[in-house]
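Hello,

The structure is below. My notes follow it.

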Amino acid sequence: MATHRQAQARSDDRDDKRVFRWGAIAVAVLVVLALLASCLLSQSRERSPAPQEPTTQQAPQKPAAPPQ
């Protein structure tokens with residue numbers, strides 16, 4: 001019975017280490033992707049031109065009629 005418990009404990013330790021490694025890898029990948037996205041967004045904002053005012057032509061206004 002003791003050997004079964006020891007074997008189970010070793011198996012659990014291996015599983016825990018495996019899960020920890022996969023978790024650490026997943027976190028590292030997410031951090032790298034977040035940094036990459038941040039860099040790409042900042043470069044995109046730098047490249048885009050400043051918003052311009054719409055240039056609409058206004059019809060010439062008639063002078064106001066003098067008061068009578």
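Which residues form a nonpolar patch on the surface? They are W22, I25, V29, L30, L33, L36 and L40, with about 750 Å² of accessible area together. Patch members have over 30% relative accessible area and no salt bridge; nonpolar side chains (Val, Leu, Ile, Met, Phe, Trp, Tyr) are joined within 5 Å, like charges within 9 Å. Areas come from the Shrake-Rupley method with a 1.4 Å probe, and for residues only the protein chains shown count as cover.

This is a predicted model: local features need pLDDT of at least 70, side-chain atom pairs pLDDT 80 or more, while totals for chains, interfaces and linings use all residues. Residues are numbered from 1 along each chain as its sequence is written, and side-chain values use heavy atoms, without hydrogens and water.

The fold: the chain has one helix and zero strands. These are DSSP runs, numbered from the N terminus (helices H or I, at least four residues; strands E, at least two). I25 sits in helix α1, residues 2–47. I25 is partly exposed because its relative accessibility is 47%; the class lies between buried (under 20%) and exposed (over 50%).

Across the chain's 68 residues, 0% are buried. The chain exposes about 7200 Å², 61% of it from carbon and sulfur atoms.

There is one salt bridge, meaning a Lys or Arg side-chain nitrogen within 4 Å of an Asp or Glu carboxyl oxygen. D15 and R18 make it, at 3.1 Å, N to O. Both lie in helix α1, three residues apart.

Best wishes

Key
Buried < 20%, exposed > 50% of the residue type's maximum accessible area, 1.4 Å probe, protein only.
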